[in-house]
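Student: Please take a close look at one part of this structure. I would like to hear about the salt bridges.

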Amino acid sequence: MQDTIYQFDHNEGMIARVNREEAQGSKSSQLAGELKASTSIIIVTIQTFPHVLEAIRKDSTLAGRSYAVIADEAHSSQTGTTARKLREVLMAEQLDGNEELDSEDMLRLSLEARKGSNKLSYFAFTATPKAKTLELFGRRPNLDEPASDTNKPLPFHVYSMRQAIEEGFILDVLQNYTSYRVAYQLAHENPDLDQEVDSKKAASKMAKWVRLHPYNIAQKVETIIEHFNEKVKHLLGGEAKAMVVTSSRLEAVRYKLAFEKYVQSKGYDNVNAMVAFSGEVNDPDLPEQPFTETNMNPNLRGRDMRKAFDTTDYQVMLVANKFQTGFDQPKLIAMYVDKPLKGVECIQTLSRLNRTCKGKDKTFVLDFVNDPEEILAEFKVYFQTAELAGVSDPNIVYELMKKLDKAGIYQWREVEAFVDTYNDKQANQAKLANLCKPAVDRFSVRYKEATQVLQSAQAELSKAKIEKNDKKIKFAENSVKHAKEARDILEVFKKDLISFYRYYEFTSQIVNFDDFELEKLSIFAKHLHPLLRLDIVEDDVDLSDVVMTHYRLHEQREADLQLGNKIGEEPKSYLPAAKEGSGAAPKDPKTELLNEIIERMNDLFIEDGLSENDMLNYANTIAGKISENEVVMDQLRSNTKEQAMLGQFPESISNAVIESMDVHNEMAMKLLSNEAVAKGFAGLMFDVLMKGLGKSADS
């Protein structure tokens, strides 16, 4: 962007670029100099502004000026403290350079900065606005009324995805969308040595184990390379490129190794891949040395990755959280997705393909993970005009504040003492940390005591189970329950602390709270949160005895996912309002034998290759229909899982399944034709409904 704008025709001194290459001294001092020199257009990253605050405050020549702040990629940069600090910098003309400020003055200025200034105008650009972005930058239809669900902020101007596709500025990346599914079966080699584990942790670790399994990656790499050779590499005069999107840095490393192995075995000398990830990766299976971009891409020879990828040296880029956004490579024609994609990340990632270039008239997506219908739903939010479903409730900050006060971790006089010191120029981090110490000590002592009681109660419970003493078991179970509740209060407090800070930072830019107490607690919460330590519970789920006995990767279908026909023909998709809720809630982990979890996963995966995500999403769909049946919901509230299965619950599942067949025909047929799968699904969905009711599945 700097290069583009700087190339515009302009007189000397009209445009300035603030960057390390051209800075005489620090970037912040260069920025301060350009502002004082009345340079008309200054191009800079938003992160530079906070560092120049003091310099600007001491300069009276900025008084009375007006500014336009033009922000690109507004969805990722304008919703937090950085944007407020920017306003503080540009509002500095309100201060007398020689004025001594006390803590109250600083708080007042901070509150003023949250409200903004009539000297500042904001213009923000984004192709994928988040709900927060629309609430911050959108214009209310009725400017005389506050934002509400009937007066929702709207974009000032929209050049839609639909219009851009129709006018040929970008391509429709969903035209050739092929979904794949993995079917596998696992087994426990030593079932006699089974262990009881946390169900969620075990299932998550097992899914990760499958993703990293050498055979799984090898089969996907074969599919990718053969598809690229057959459908892609000859396009654009042989210069077509592809990207493989992985779920983690370790997966990217494994993909790169498998890629090289397959290419070598086939003798393909014209399919070369680079791998892109940050930092170092330690592979537990190959502990000799850490992997880096440098030692995994020896052919880079010091070149910038973007520039090297543009040459004939590389045809495929394997990425892990890099180049998924902001990467402009028009020759990119194919994308192979092995990572769950949601929301803005989904649109930004797949849109790497939408750039046009001479000879490029189509793209390919092969997706090993995501449901095409869900991808289509994500795109429809942004296809025409992204709109809010509703607006945030600013009163939530007060609910969170009351909840935090009630926990008894801090005293208000400690908050005020901290803020007074924080606003003192002589304060240092050590002094601020010391003022947080009383709250930290209360938290630590209570957490340590609760942990010790919990460990002791768990030991007593295990002993009672060995003795098969029902009375002792019941007593120990109650002790475990109360100890967990004591720890839950503290764990929830820490989550609520950061939720309060983030939500206040956001809503205070929309609503004029003008509340010194909210401001003080926000400052205190930001500094207290990282000082609160929780015991890290080691993942003790041992998968060394788990083996994969069957595996099948199969193509489901190749489709043109239709984004829309005539405007207004389809129901509008909306962005849900940015709501933190009333805070966090404690989690009640469920335990099962590892072998039971293996069996449950096999029940769902082995036949048609349906993923756990497919089934859970389908369960949520069916649960939504069942939740409208008050008779059934009353039965669920009043009965155990076993009792519920004897009532109208199973019949309501069948009815809901039949009603949804037009959208989920494949899953519906599987459930209606296989009693075992239907039973497992019913149990899975019972858990979903109980979670929605806030009730334990076993109660």
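Tutor: Start with K256: at 5% relative accessibility, K256 counts as buried (buried means under 20% relative accessible area, exposed over 50%, partly exposed in between, with a 1.4 Å probe and protein chains only). This is a predicted model, where local features need pLDDT of at least 70, side-chain atom pairs count only at pLDDT 80 or more, and totals for chains, interfaces and linings use all residues. Residues are numbered from 1 along each chain as its sequence is written, and side-chain values use heavy atoms, with hydrogens and water left out.

K256 and E260 meet through their side chains in a salt bridge, 3.2 Å from N to O (a side-chain nitrogen of Lys or Arg within 4 Å of a carboxyl oxygen of Asp or Glu). Both residues lie in helix α11, 4 residues apart, about one turn of the helix (helices are DSSP runs of H or I, at least four residues; strands are runs of E, at least two; numbering is from the N terminus). E260 is partly exposed, at 39% relative accessible area.

Helix α11 (residues 249-266) also holds E251, whose partner R211 is in helix α8 (residues 199-212), 40 residues apart. E251 is buried at 1% relative accessibility. R211 is partly exposed at 29%.

Now K342 and E374. Their side chains form a salt bridge of 3.0 Å, N to O. K342 sits in the loop between β12 (332-338) and α14 (343-350), and E374 in helix α15 (residues 372-383), so the pair ties together parts 32 residues apart in sequence.

Salt bridges also link E239, D310 and K331 in a network. The count comes to 20 salt bridges.
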